[in-house]
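Dear colleague,

I am handing over a structure for you to look at, and my notes on what was found in it follow below.

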Amino acid sequence: MPVYTVHAPSPHGTDLRATEKFAFVRDGFHFWAMIFGPIWLLWHRLWLALIGWVIFFAAFQAGLSSLGVGRTSIFFADIILALLMGLEATSLRRWTLSRGKWRQLDVVVADDRDTAERRFFERWSQKQRGIVNDQWAVDRGGPPPTRNVPGEPFSNPPPLPSGGIIGLFPEPGGSR
């Protein structure tokens, strides 16, 4: 199921009148970004990413040509670059939004964008009214164990299994 991240302009993050400005960015592979990389970047107004892509692509082509790489190898290298563009298109879009002072409000799992918008706004409106709904909450567990002093054992050691240690050694610190 696709995952969408929801972004809002920083000054309007909680303003109900600015909800039409929220951006829903689908995570995953973008076929059209792979096929028409520069056009896809233009369509989504990713100017810095487009400039970077053009400079990188030109330098890459010049570098391969100066090394005497054959046309077939250059073609396959271009295919790999196109695949990378398709895979990283959403990361470029999120990067551009974060540079424009947009902030990520939420992550929504839904089949399509309309369902993602509906789920987000249901949850967001309940949050704005102070209603707590744990239907979409994710239990991420407690914090990972940390060291109080470098070189010392963990402050929260994991519990030992009830039957002792499973593995090559019968007891902690035992002989090999």
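This is a predicted model: local features need pLDDT of at least 70, side-chain atom pairs count only at pLDDT 80 or more; totals for chains, interfaces and linings use all residues.

Residues are numbered from 1 along each chain as its sequence is written, and side-chain values use heavy atoms, with hydrogens and water left out.

The sheet. The three strands form an open, antiparallel sheet in the order β2-β1-β3, where two strands are said to pair if DSSP finds at least two bridges between them. Because β2 (23-26) and β3 (102-109) stand at the edges with a single partner strand each, one side of each has no neighbour in the sheet. Strand β1 (residues 3-9) is joined to β2 by four bridges, and Thr5 has Val25 as its bridge partner in β2. Helix α4 (residues 71-99) lies across β1, β2 and β3 and runs at about 155 degrees to β2, with axes fitted to C-alpha atoms, for helices over the stretch in contact (heavy atoms within 4.5 Å), and angles from 0 to 180 degrees between N-to-C directions.

The cores. Of the 176 residues in the protein chain, 22% are buried, that is, under 20% relative accessible area, while exposed means over 50% and partly exposed lies in between (1.4 Å probe, protein chains only). A nonpolar core is a set of buried Ala, Val, Leu, Ile, Met, Phe, Trp, Tyr and Cys residues joined through side-chain atoms within 4.5 Å. The largest has 10 residues, including Tyr4, Phe22, Val108 and Trp124, and β1 and α5 (113-128) each supply at least two residues of this core. Apart from it lies another core of eight residues, among them Ala33, Trp40, Ala49 and Leu50.

Two backbone points. Arg45, in the loop between α2 (37-43) and α3 (47-66), has a positive phi of about 60 degrees although it is not a glycine, and its 58% relative accessibility makes it exposed. Lys101, in the loop between α4 and β3, likewise is not a glycine and has a positive phi, of about 65 degrees; at 59% relative accessibility Lys101 also counts as exposed.

Best regards
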